[in-house]
Amino acid sequence: MADTHSGHDEAQLRAALEHAHHPTLALVLVHLTGDTSFLSARYQPVYEAIGGDPNGGLSEEAKAELREAVFKAMLDYWKTGKIVAKPDRATIKRMMDYCATQPIPDEYADFAMHELALDGRDKLRPGKGIEIDRKQAAAFKVLIIGAGMSGLCTGIALKEAGVPFEILEKNPEVGGTWYDNTYPGCRVDNPNHLYSYSFEADHAWPQHFSTQDQLLAYFRGVAKKHDLYKHIRFNTEVLGMDWNEDTATWTVRTRTKDGKEERLTSNAVVSAVGQLNQPKLPDIPGLGSFKGPAFHSARWDHSVDLNGKRVGVIGTGCSAIQFIPEIAPRTAHTSVFQRTAGWLAPTPDYHERISDGKHILLADVPFYQVWYRFFLFIAMADGPLAYLVKDPSYNRLDYAPNAEAAKLREGIEQYIREQTEGRPDLTAALTPNFHISGKRSIRDNGIWAETLKRDNVTMDTSPIEAINAGGIRMKDGRQLDFDVLIYGTGFKASDFLVPMEVRGIGGKSLHDTWGGDARAYLGLTLPGFPNFFIMYGPNTNIVVNGSIIFFSECEAHYIVGCVKMLQDQKAKTLEVKPDVFDAFNTAIDAANAEMPWGYATANTWYRNKHGRVAQNWPYRLIDYWTMTRTPNPADYGFR
């Protein structure tokens, strides 16, 4: 038998096919048989905006036909080891249209082909294909701050290019947010087959939306595979950095866990500390006066026993909605304090494990993983933006930006009513009064309403007056006593790079330059701070279209391109031109003003203290991908 046999027998293959995403089977068949009739209307999926059949409404007969065809094709493949067809570009375009359920615009062709990576995912590694003079690169050192998802990605890209680098990490391990956040129920809210590096796509995820421990293990595994640990200084906090104009270098001040301070020199610095790394405590009088244990979800105190305790939770953002269902069953009573509800995003498989059968398909059926990931990518890429674009002629703009968005909102409102049936108080509490995407939406499989209906759980939407030694005093005069307080109040997203002190040309402070209103060109760089790059910087957060890892890969690729650009210009430094910087940010602000997070009345971390949306990217994924493929020398000044 050929080496292509996976070790599974025919019965196991038949059983595995029962767990298939059937539209993916149609695409696999084009490779295995060359028969494009599987892309016909009979097998074409149609997806609904909310819930619906994950197989796109295919008939049982059509699904059975696809399973049988793949079964027979796999038996042939096991015998011969040969893929029958290598689709040409026109056929692949047709296959991608099938995934998107509509023709993909021509401008997407190169972008989609790159993301599909039929020739191998290794080619997606950031920095791949950028021709850098290795001898020159060896003399250019980069310091990366943070060994989380973005920092590791940048290290991999620089290593690919032969650029020396060192990663400075305050924690004793890699992982960033997946190391810091260990609260009960912590998990990703992007499908894991999309929330993973494109060049390290992992088919072995145990769940569709995996938990913190699995994510941490993934990033550890990637760091080991790419031999990054030898490049990382752990337990090393960056205090600040200063630009030296005479030497065209950065001096980075660090402090180790034992208090030892050191100064390091580099030609460039990449900040990869992210937006969501500094916990935000609520602005409530009396904070700190509570006599019992009190902690933020991002700094979970596992020494505190919650069994049989009266627990007060302030905040109902994404983290709180993950940990409250986990702790509520073991507390005497859990009181939940909500200021602003977030829109629920119905996700039936949010807590579901991936079946053994599906793992077999992902691991052993040729091209199944490639096309399954592409289905996820194209579904979550730029299509959802259509629900956010204003239609000036629509007569319900106070309710939704367009007719399709109104249908979506009506559907989610109905979902909330169904989840809270018999509890009109919860229906009112969980139904936002602002446009969808006005603040971050929340994945939900029904467990949130189910938890709030428990006899030992109370949802309180009344204003809090103060925190005191016993617990919480409400503005309506009630005193609510607790044994433990937990703050699920998010992060200081607008305080980019805090608490580091960054001083650029002339000793100018970055935080003084920003004045609490962070801006950067492409989210990456700004005038006055040469050879300095910010990963997951201002206006690079994506709200509805895709995974943040996509942006980090684009940014890492761009940074390597900037190193090459320095070589091409025979320069030591690059600095974005002020007019380029200003034009970019003016356009970003205008585009964000037209998005729900720009005009909705919701209380949201998307806006900073000045009221400006400093976090979100208002455009398409293809736009950021295109902008970051190759740096434009005309955007920069060189020295």
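The model is predicted: local features need pLDDT of at least 70, side-chain atom pairs count only at pLDDT 80 or more, and totals for chains, interfaces and linings use all residues. Residues are numbered from 1 along each chain as its sequence is written, and side-chain values use heavy atoms, with hydrogens and water left out. The protein has 20 helices and 21 strands; these are DSSP runs (helices H or I, at least four residues; strands E, at least two), numbered from the N terminus.

**Overall dimensions and surface**

- The radius of gyration is 26 Å, close to the 26 Å from the globule rule for 639 residues, so the protein is as compact as a globular protein of that length. The radius is taken over C-alpha atoms, and the rule is 2.2 Å times the number of residues to the power 0.38.
- Along the principal axes, the C-alpha atoms fill a box of roughly 70 × 70 × 55 Å.
- Buried residues make up 57% of the 639, where buried means under 20% relative accessible area with a 1.4 Å probe, protein chains only.
- Of the contacts (heavy atoms within 4.5 Å) between residues at least 6 apart in sequence, 71% join residues at least 24 apart.

**Helix α10 and Phe323**

- Helix α10 is mostly covered, with 8 of its 10 residues buried; among them are Ile321, Phe323, Ile324 and Ile327.
- The cover over the buried residues of α10 includes β9 (310-314), β10 (333-337), β12, α15 (447-452) and β17 (484-487).
- Phe323 lies in α10 (residues 318-327) and counts as buried because its relative accessibility is 0%.
- Beyond neighbours within four places in sequence, Phe323 is in contact with Tyr183, Pro184, Ser297, Trp300, Val313, Ile486 and Gly488.
- Ser297 is 26 residues from Phe323 in sequence, with 8.4 Å between their C-alpha atoms.

- Lys and Arg count as positive, Asp and Glu as negative, with His and chain ends not counted; the charge is placed at NZ of Lys, CZ of Arg, CG of Asp or CD of Glu.
- Lys439 sits in the loop between α14 (424-430) and β12 (442-444).
- Lys439 is buried yet has no salt bridge, and the nearest side chain of opposite charge, Asp189, is 13 Å away. A salt bridge is a side-chain nitrogen of Lys or Arg within 4 Å of a carboxyl oxygen of Asp or Glu.
- Not counting residues up to four places away in sequence, Lys439 touches residues including Thr340, Phe434, Asn603 and Tyr606.

Notes:
Buried < 20%, exposed > 50% of the residue type's maximum accessible area, 1.4 Å probe, protein only.
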